[in-house]
Amino acid sequence: MDISRLSAEARQQRSAEIREFLRSRRSRLTPEDVGMPTGGGRRTSGLRREEVAVLAGVGVSWYTWLEQGREINVSADVLDAVASVLRLDAAEREHLYLLAGLNPPPLPPSNRQVPDGLQRVIDGWLPRPAYVIDRHWNLVAVNRAARVVFGYDHGDHNCLVSFFTNTHYRNALCRWEDAARAIVGQFRADAARYPDDPEFGRLAADMCLASPAFANIWAEHRVGSAAQGLKILHHPEAGELVFEYTTLPLSDLPGHRLLLYTPASGDDTGSRLAALLEMSEPLAG
């Protein structure tokens with residue numbers, strides 16, 4: 001973000017925001033919190049600017065100018081040091097980057113389990129399909145409708161792999177070739193966001209060996225993105241199913257996305273989907 005292109009009013013607002021933000025984060029820490037002696041004559045309980053500067057390894061004047069919102073040269077390493085001293089969480093760290101005029105670096109992959117609340121959202125989406133994938137397109141949570149409609153079984157662990165190797169899915173999806181080009185383009189765009197993550201390259205190499213179709217499309221260097229769209233399938237029991245899908249990023253799970261499928265309006269997919277789920281209802285043991 002180029003701060004110099006902001007209007008004078010926007011720059012003033014940014015200066016006020018970064019000043020109040022850093023002051024508030026200093027005020028919530030005490031010298032004891034960071035291993036410093038309390039000393040006497042303190043008028044406030046929070047850290048002083050001088051203390052933050054020393055702990056972050058930067059000059060007192062420089063930190064003062066940062067907190068005042070002046071237009072100074074700021075590096076990611078220095079911002080990370082300040083964020084570490086002030087014990088900023090991921091959202092606060094991203095906010096500091098934006099206020100300082102830098103693009104936040106990608107967050108590391110999350111190894112957290114899907115929270116119970118999110119799992120309830122996925123299960124509560126029935127009879128409509130829903131699932132969660134991580135940054136590498138691994139399926140980390142799938143509801144029963146997604147398994148029934150898309151043919152995902154317990155051997156399907158990765159959305160990209162299943163797209164090219166799951167025979168049921170390939171035979172059911174209409175205009176598979178167009179969808180294949182779109183999905184490979186999305187995967188390549190995701191890989192570019194994480195240049196230091198070797199897992200994307202490993203996945204791509206494995207898929208080129210496993211699927212000639214993937215290898216041919218990968219060689220085209222397509223790039224794309226789709227937050228929403230239309231998916232049409234021919235299910236062997238329910239007939240044609242038309243879905244509108246929406247992809248939502250999950251801020252609490254960096255790199256994860258929630259995909260929700262809704263029967264297209266003006267179509268009887270909804271009633272046939274409900275009947276399909278009722279037919280496939282697991283028998284009570």
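Which residues does Tyr131 touch, not counting residues up to four places away in sequence? In this predicted model, the list runs to Leu139, Ala141, Val142, Ala146, Phe150, Tyr152, Cys159, Lys231, Arg257, Leu258, Leu259 and Tyr261.

## Helix 10

Helix 10 covers residues 176-193, so to speak 18 residues in a row. From first C-alpha to last, helix 10 reaches 26 Å, close to the 26 Å expected at 1.5 Å a residue.

Its buried residues are Trp176, Ala180, Ile183, Val184, Gly185, Gln186, Phe187, Arg188, Ala189, Asp190 and Ala191. What do these buried residues pack against? On the helical side, the partners are helix 8 (159-165), helix 9 (167-172), helix 11 (198-210) and helix 12 (212-218). Strand 5 (257-263) is a partner too.

Five of them form an open sheet in the order 2-1-5-4-3, with antiparallel pairing. Strand 2 (139-142) and strand 3 sit at the edges, each pairing on one side only. On average, neighbouring strands of this sheet are turned by 25° against each other, direction ignored.

How many bridges join strand 3 to strand 4? Eight, with the two strands running antiparallel. Strand 4 takes in residues 239-249, and one of its residues, Glu240, is the bridge partner of His234.

## A look at Ile232

Ile232 belongs to strand 3, which spans residues 228-235. Is Ile232 buried or partly exposed? It counts as partly exposed, because its relative accessibility is 28%.

Leaving aside neighbours within four places in sequence, Ile232 is in contact with Ala172, Leu173, Cys174, Glu240, Leu241 and Val242. Trp176 is 56 residues away from Ile232 along the chain, yet their C-alpha atoms are separated by 9.7 Å. Trp176 is also one of the buried residues of helix 10.

A few spots in the loops deserve a look. Most residues other than glycine have a negative phi, and most peptide bonds are trans. Against that background, the peptide bond from Leu126 to Pro127 is cis, with omega near 10°. Pro127 is placed in the loop between helix 6 (116-124) and strand 1 (130-133).

Two arginines have a positive phi as well. Arg87 has a phi of about 55° and lies in the loop between helix 4 (76-85) and helix 5 (90-100). With a relative accessible area of 47%, Arg87 is partly exposed. For Arg175 the positive phi is about 50°, and the residue is found in the loop between helix 9 and helix 10. Where Arg87 is partly exposed, Arg175 counts as exposed, at 65% relative accessibility.

Methods:
Residues numbered from 1 in each chain as written. Predicted model: local features only at pLDDT ≥ 70, side-chain atom pairs only at ≥ 80, totals over all residues. Heavy atoms only, no water. Helix = DSSP H or I, 4+ residues; strand = E, 2+ residues; numbered from the N terminus. Buried < 20%, exposed > 50% of the residue type's maximum accessible area, 1.4 Å probe, protein only. Contact = heavy atoms within 4.5 Å. Pairing = 2+ DSSP bridges. Axes fitted to C-alpha atoms, helices over the stretch in contact; angles between N-to-C directions. Expected span 1.5 Å × (residues − 1).
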